[in-house]
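Let's take a tour of a protein model, one stop at a time.

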Amino acid sequence: MLFRSPTQGSNNTNIATAAYADTIGAGIMGANMIINGAMQIDQRNSGSSVVLAATGYVIDRWKLSISQASKITAGKNYGSLSAPPVGVSGNYLGFKVTTAYTIGASDYFIIGQNIEGNFAATARFGTANASAVALSFYVYCSSTGTFAGYVYNSALNRSYTFTYTISSANTWEKKTITIPGDTSGTWLTTTGIGISCSFGLGVGSTSSGTAGSWQAGNLFSVNWL
């Protein structure tokens, strides 16, 4: 599931974003690492939308990390959007700006999932045999343009930021991103966090970098300006 990371300094008031996370797997036959990507399980809020005052989970496995309180409303099937395409789950995770806000340099609004090292081990990140992973998802947004997401390790010192394009507003589109394996850094293969996958709803310049390559550090988005 991937989301808009608006141009720094933007003040979006009617962005309606939603997504259905399909798979993230290593290699051509790699097993899916994502849990609750179909957005079916919501034991935390029982289908009710929430306006978080601090970083927390929106639905099971999906955490919204924020630098500013109460700026985003989110929830399972929030927004009464058209159902995702036939053949995938009828559920989605929806977001909308609650309070207009100009993104500051150090601000971040990101949604993501931590993948246990035992599941992420098949990617063999941090070794000479690191495998590429493929991230597949559906996205629906009221705005077209370039969007961003990233994957990173538990030590927060290795990250890969990628972009994708939404061509048609208010339309479900499927995207597939191939992320090359990282032969550097420490990637846990235990019950700790192996790989984290997150997507920017709005990220300032302090945590933005260059898309399309592995970088040292924890960079949430890309430099738009």
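## A buried lysine and its partner

Lysine 175 has a relative accessibility of 14%, so it counts as buried (buried means under 20% relative accessible area, exposed over 50%, partly exposed in between, with a 1.4 Å probe and protein chains only). Its partner is glutamate 173: the two form a salt bridge, with the closest N and O atoms 2.8 Å apart. For a salt bridge, a side-chain nitrogen of Lys or Arg has to be within 4 Å of a carboxyl oxygen of Asp or Glu. Glutamate 173 is buried too, with a relative accessible area of 10%.

## What you're looking at

A quick word on the model: it is predicted, so local features need pLDDT of at least 70 and side-chain atom pairs count only at pLDDT 80 or more, while totals for chains, interfaces and linings use all residues. Residues are numbered from 1 along each chain as its sequence is written, and side-chain values use heavy atoms, with hydrogens and water left out.

Of its 225 residues, 50% are buried. Now take the contacts (heavy atoms within 4.5 Å) between residues at least 6 apart in sequence: 70% of them join residues at least 24 apart.

## The other salt bridge

How many salt bridges does a search of the whole structure find? It finds two.

## Strand 12 and its neighbours

Strand 12 is mostly covered, with 10 of its 11 residues buried. It runs antiparallel to strand 7, and nine bridges join them; two strands pair if DSSP finds at least two bridges between them. Strand 12 also pairs with strand 9 in the antiparallel sense, over four bridges, and there glycine 149 stands opposite phenylalanine 199.

Find glycine 200 in strand 12. Opposite glycine 200 stands isoleucine 110. These two are 90 residues apart along the chain, yet their C-alpha atoms are separated by 4.5 Å. Glycine 200 counts as buried, at 0% relative accessibility.

## The largest pocket

The largest pocket holds about 290 Å³ of space. Here, on a 1 Å grid over the protein atoms alone, a pocket is an open set of points where a 1.4 Å probe fits, with protein on both sides within 12 Å along at least five of seven lines; lining residues have an atom within 4 Å of a point. Of the 21 lining residues, Lys63, Ser65, Asn114, Tyr152 and Ser198 are the closest to the pocket's centre.

Which elements give two or more residues to the lining? They are strand 4 (62–66), strand 7 (108–116), strand 9 (145–152) and strand 12 (193–203). Strand 7 gives the most, with six residues.

Notes:
Points joined across faces, edges and corners; volume = space filled by probe spheres on them.
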